[in-house]
Structures are given as C-alpha cells and as structure tokens.
Amino acid sequence: MSDLIDAIIQTRKTTADIFVRSLVDIDNLSEIEIKERILSEIKNHNEIFPTGWYDPPPSGVCVLLTQKPFKRLQFDTLRKPEYWPNETSRFEKETVGIVYFSPVDRETNMIGDLGFTIYNGENKEIKKHIKDCYDTILSIAKHAEIGVKFSELCSFTEKLFHNKLKIIKWITLYSDPSRTNDINLGHTVPGSFEKNFYFGNTFKEIKETIRTNRVFINEAGNFIIPETCAFTIEARMIDVKKEYLPGVYFHFIVCFNKGKKTILDNFSDIFKAVGMDYMNSK
C-alpha cells in the first residue's frame with residue numbers, strides 16, 4: 001500500500017507543477033484560455049491521464065473567475081454547464097477565482113486532486129478572508145489522526161468555526177431530505193486503503209469507480225482512519241457575518257503511510273506564480 005501513497009504524493013506534486021507553469025501572467029485571460037493553458041501543460045506529463053476523473057466539468061478542469069458580488073462562486077455544483085469555463089469571464093484587477101484539476105496516475109489509478117482560490121488584488125479584507133479560510137481548512141487536516149472517526153472531524157470543525165465561518169454545501173450526500181444541512185469535508189481516495197481494489201480497464205470505468213467509491217467525511221461518517229490511507233480535506237467557505245466577501249475554496253490531501261502522516265499542501269509555488277505573496281507571509 002505504501003507505493004499507492006507515494007503515487008498520490010507524486011501526482012499531487014505533478015499537478016502543482018502544472019499549475020505553476022499555467023498561471024504565470026494570466027492578467028486579462030479568460031477562463032477558457034486559462035483552462036487551455038492547463039490542458040497544454042498536462043500533455044507534457046504522460047504519467048497522468050490527459051483529463052481528470054471529476055468530469056464534468058469538461059476534462060476535469062475547473063476555472064471560475066468573478067468580481068463583486070462574486071455570483072459565479074456561488075455555485076451548487078461544478079457539473080452544471082453554466083459553471084464550466086467560458087470566454088467572457090476574465091482574470092482582471094480585483095477578480096477572485098477558483099481553479100481545480102482532478103488528475104489520475106496512469107500506473108496506480110491514484111488521484112492527486114488540487115484546488116484553490118486565486119486573488120492578487122488590493123483589498124486587504126478579501127486577502128485576510130482568504131488566508132483565514134486557508135488556515136481553518138488546514139487546521140482540520142492537522143486534527144486528523146489514526147483512529148479518529150470522520151464524524152469526529154466534523155464535530156471538531158463545528159467547534160472551530162465559532163459561528164464565523166460556514167461551509168457551503170455543494171454536493172448531495174444523502175437521499176434523506178432531513179440531512180440536507182450536513183457538512184462535507186472531503187472524501188477518501190478510493191483504493192488507498194482497500195486491498196486488491198479493482199478500478200476497471202478503461203478510463204471511463206476508472207473515473208466511475210473513483211466517483212462511486214468515495215467515503216465522504218460528514219456528520220454520519222463512521223469511517224475510522226486506518227494507519228495507511230489517504231483522504232481529501234476540502235471546503236468552500238463563507239464568512240457568515242460578512243456575506244459580501246467571496247466564497248473561498250482550498251483542497252488538501254491527508255496521507256497516512258504505516259502511521260506516518262503527511263499533509264499535501266503544494267500551494268506555496270502556486271501562490272508565487274499568481275502573485276499571492278500575502279499567503280506565504282507569516
């Protein structure tokens with residue numbers, strides 16, 4: 001199983017490198033143009049499939065750009081066509097955006113998803129909000145330990161927010177309508193902890209296997225973190241007291257390899273490429 005964890009770590013690093021090369025000098029570029037840059041860089045990496053598993057959005061790539069009142073970031077699911085990359089939304093001064101790609105390693109079928117918020121404008125309140133959300137999501141990842149139930153991670157998250165931050169629900173986890181307000185913090189990486197896991201033969205089968213075999217981190221989650229596994233910690237968050245601020249998204253992966261814990265961040269060089277130096281400052 002250790003080789004699978006290594007594959008997740010490497011796939012995530014590869015994706016970060018793709019973003020670093022794709023997001024330099026993106027001023028005035030459209031969502032479509034940025035997406036095409038990303039796909040062009042992906043072609044240079046034969047170790048991953050040329051498109052992502054989370055599809056739609058097309059090719060498994062999300063690029064969302066918007067300005068006040070940040071309506072484009074208030075999506076309920078990225079699968080809807082109106083939230084796919086378009087020609088009209090551009091990265092201009094004071095634009096806030098979300099970028100995401102869902103890569104799959106060809107050899108192991110392990111995923112290394114990476115997503116984040118971009119903003120290099122001058123609004124100090126927005127900068128602080130983005131940094132606060134980043135720190136909060138990272139705190140959740142740091143709290144995860146072997147033997148902890150997924151439901152316990154959700155309980156910790158509720159206490160962490162102090163009625164200030166809120167996770168926006170963006171995926172249906174239950175058929176029971178009474179559970180519509182449950183939070184979702186992420187999901188397992190399928191195959192990272194199950195022995196003899198079968199993905200299928202074609203990429204279409206692999207994508208469907210990944211999609212349908214995720215164990216979600218929610219308030220009903222009885223999954224107990226084993227000594228070798230990987231799971232995402234991700235959230236799209238708002239400030240409940242300042243709803244005029246944009247929704248913020250960051251995606252981490254937590255890996256345990258025979259008890260050794262690693263949090264996959266991989267954002268530092270991306271922040272430099274986009275001009276978000278405030279995120280790397282202490």
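Q: Which residue's side chain does Thr 232 join in a polar contact of 2.8 Å?
A: Bear in mind that we're looking at a predicted model here. Thr 232 sits in strand β5, residues 229–239. The partner across that 2.8 Å polar contact is the side chain of Glu 234.

Q: Is Thr 232 buried or exposed?
A: Start with the neighbours: leaving out residues up to four places away in sequence, Thr 232 touches Leu 185, Gly 186, His 187, Ile 217, His 251, Phe 252 and Ile 253. Its relative accessibility comes out at 1%. The cut-off for buried is under 20%, so Thr 232 counts as buried.

Q: How far apart are the end C-alpha atoms of helix α1?
A: Helix α1 covers residues 2–22, which makes 21 residues. At 1.5 Å a residue, that should give a span of 30 Å. The model agrees with this, with the end C-alpha atoms 31 Å apart.

Q: At roughly what angle do the axes of α3 and α4 cross?
A: Helix α3 takes in residues 124–143 and helix α4 residues 150–161. α3 passes α4 in a right-handed crossing. Their axes come within 10 Å, and the crossing angle is roughly 145°.

Q: How many nonpolar, polar and charged residues make up the contact of α3 with α4?
A: On the α3 side you'll find Thr 136, Ser 139, Ile 140 and His 143, and they meet Leu 153, Phe 156, Thr 157, Leu 160 and Phe 161 in α4. Sorted by type, the residues of this contact divide into 5 nonpolar, 4 polar and no charged.

Q: What is omega for the peptide bond from Lys 68 to Pro 69?
A: As a rule, most peptide bonds are trans. The bond from Lys 68 to Pro 69 is cis, and Pro 69 lies in the loop between β1 and β2. Omega for that bond is near 5°.

Q: Which residue does a cis peptide bond join to Pro 57?
A: Look in the loop between α2 (31–42) and β1 (61–66), where Pro 57 is placed. The cis bond there has an omega of about 10°. The residue joined to Pro 57 is Pro 56.

Q: What is the phi of Asn 109?
A: Most residues other than glycine have a negative phi. Asn 109, in the loop between β2 and β3 (114–118), is not a glycine, yet its phi is positive. Asn 109 is also buried, with a relative accessible area of 12%. Its phi is about 65°.

Conventions: Residues numbered from 1 in each chain as written. Predicted model: local features only at pLDDT ≥ 70, side-chain atom pairs only at ≥ 80, totals over all residues. Heavy atoms only, no water. Helix = DSSP H or I, 4+ residues; strand = E, 2+ residues; numbered from the N terminus. Expected span 1.5 Å × (residues − 1). Buried < 20%, exposed > 50% of the residue type's maximum accessible area, 1.4 Å probe, protein only. Polar contact = N/O pair within 3.5 Å; in protein donor to acceptor, adjacent residues only side chain to side chain. Contact = heavy atoms within 4.5 Å. Axes fitted to C-alpha atoms, helices over the stretch in contact; angles between N-to-C directions. Left-handed = near helix turned anticlockwise from the far one by under 90°. Nonpolar A, V, L, I, M, F, W, Y, C, P; charged D, E, K, R; others polar.
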